[in-house]
Every structure is written in structure tokens, then in C-alpha cells.
Amino acid sequence: MKNQLLKDTIQQLFANHKGLLAMDESNGTCNKRFAAAGIPQTIEMRRKYRELIVTTPGLNESIGGAILYDETIRQQTKEGVQMADVLVKAGIIPGIKLDMGAKPMAGFPNEKVTEGLDGLRERLAEYKTMGARFAKWRAVITIGEGIPTTACIKANVHALVRYAALCQEAGIVPIVEPEVLMSGDHTIQRCYDVTEKVLKILFYQLYQFQIDLEGMILKPNMVIAGTESAYKNSIDEVAEATVNCLLASVPAAMPAIAFLSGGQSPEDAAAHLNAIHTKFKNRLPWIVTFSFARAIQQPALDIWKGQDANIEEAQKLLYKRAKLDTAARQGQYNAAMEEPGNAA
Ligand code: 13P
């Protein structure tokens, strides 16, 4: 039974309070982060970095699934083992990024629409043979003067929903990610309003296209003021706005919500997830967890610097961040755990 397969995968991904690790940066994004850290932007350095991540000892204590990029799922460790096989051996389910990136939307200045539907059924079949059991598609919605337009939201949602249908047909769990970007000087209320509108349009189209909500994962942004906003809300304010927005927009039939970090500091992302659980646990009908990239990886990347001598230290930091996030998922995180030596 296909739907049972999807439900089983979701349960396994999030068992024992685990979350997801997004390590699916496109080459462009990965190279940008490497450049900022002074690391050469080559295929071999990207391979080494991904090997560092997947071979981190104990990563499976907090990570139930890792999302890979096309280049990575085709790569091997220096021992000649496929990256996806290393994950499976560690008890981590491999996933795959399926979208082909957000491109400028014709006729709509400063807005983007995510591409990648052509040939997707065939790509799904191939990734399945490589071990992928879940997938991700990211749409980006920008807040600015006069944007997002309803046309941009609908175009992005349409692609997300058609992707989700193809995933479910293939027996692969779709992560549906409509990311309202943090960039901008908008208030938390504006983020709330835009996120609510996006989610309501999304769930209406998911209904129209007969997506089985019990067989998908939502990956939303938290509701938070823009990075250039003069005002920084408290941890509890962000948690409350996020929970209220999700309760207003997301059906309870959805099994799991796994947040992106979106450019928040690792500490803020963990503190927000923690407050969502400490303050609102009894109101949440879903599993509420993390699917962070930067908020898990960034400290490790900064320490690694592309040097073999730093691999062990980088892996320890990666392990620690994942541990802290799984503590946050249980409402057991506190700032003292950030001190060196105080892993969760
Ligand atoms: P961040 O946690 O860095 O926002 O990345 C999550 C992600 O997968 C974006 O698609």
C-alpha cells in the first residue's frame, strides 16, 4: 500500500525526537558559502565537505533524514562508498532535492518561480534506485514593496503541488517548502500575513490536486521580522506568531512540520523551536521539528575551512548543533548548552 509506505517513512524520519539535515545546497549556493569561508569552490571540495557531514559519528542520534543534492547522491566517499549508502548504514534516510532552483518570474519584477517539473517522473524513478525515500522542493516568496503578488504565490504553489503529486505516485514522501524569505525590513505582522496567505493557497491547491496530506511534510519558515527590520522580536513573540499562523492555516491531518532556519543564527533557530514546544506543546496537532541547513552546518563549515586537520572538530560541532536542535524539539534546550563542552 503506497500511502502506508509514505506514512511509515515519515514516522521513521522523525522517530525519537529527530529532525532533518538539509545538506542539499545547489553548487551555486554551496560555492557561495565556501567562498565566504575561504574554501576553494571545486567539485572535490564539495565532495569532501559532504563526506565530512555524512560520516559524522553519532549524527543519527538526532538526524532521521538528510536531504542531498544531485551531485552528492552520485558521489562516493574516499573509500568508494556511495554517500547515500553511508547514510543508510548510519540509520539516516537519504532524501533528494528535486527542484531546479528559483528563476526570475517573467512579467513580475523581483519575484521568482521555481522550475523543475519537466521530466520529474523519470528523475524520481532514478533517485529511487539510488536510495532516496523522501524529497524536497523549495519555492521562494519575497516580501517587498507590492510583493508578493497573488500570481507569484499561485505559480509557486502550483509547481509545489504538482511535484508533491509526482512524489506520492512514486512512493517518495514530498517535503513541500514554501519559504517566505527573511530578507527585507518588514515587520513580524507582515511576515505573518504573507505566510498565512501562502499556506492557505497552498492547502487549497493540495486539496484540489488530491494530495494525501498524511503522506507529506510541510517545511515552512518561522514567522519572524525581516533581517533589515529595526525591531527584533523576543523569542516568545516569534514562537507565538509562528504557532498562531500555522494553527490558522495548516490542517491537523498533516503529520509533520519541519522548519527551515532561513538565515537565523543557529542559537535563535534552536531557541525559537524550543519556545514553540515549551509554550505551546499542547496546542500542536503535528510533529514540529527542524529541517535546518545553515543553523546546523554553519559553525562546522567555519571551523573546517577546507582543511583535513579540522575535520574532527567540525564533525563535533555538527553533532552538537544537531543534538541541540533535537533538545529544542523536546522543549529541553537552554542557552547554557551552547557553552563549549555542554553538548545536549
Ligand atoms: P536553511 O535552514 O539554511 O534555511 O536551509 C533550509 C533549506 O533546506 C532551504 O531550502
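**Ligand site and overall fold**

A polar side-chain atom of Lys219 lies 2.7 Å from an oxygen atom of the ligand. In this predicted model, local features need pLDDT of at least 70, side-chain atom pairs count only at pLDDT 80 or more, and totals for chains, interfaces and linings use all residues. Residues are numbered from 1 along each chain as its sequence is written, and side-chain values use heavy atoms, with hydrogens and water left out.

A backbone N or O atom of Ala293 is 2.8 Å from a ligand oxygen atom. For Arg138, a side-chain N or O atom is 3.5 Å from an oxygen atom of the ligand. On its own the ligand has 300 Å² of accessible area (Shrake-Rupley method, 1.4 Å probe). The protein covers 94% of that area.

The shell around the ligand (residues with a heavy atom within 4 Å of it) includes Ala22, Lys136, Glu177, Leu260 and Phe292. By class, the shell has 5 charged residues (Asp, Glu, Lys and Arg count as charged). It also has 4 nonpolar residues (Ala, Val, Leu, Ile, Met, Phe, Trp, Tyr, Cys and Pro) and 3 polar ones (the others, Gly among them).

Technical notes
A polar contact is a pair of N or O atoms within 3.5 Å; within protein, one must be able to donate a hydrogen and the other to accept it, and residues adjacent in sequence count only if both atoms are side-chain atoms.
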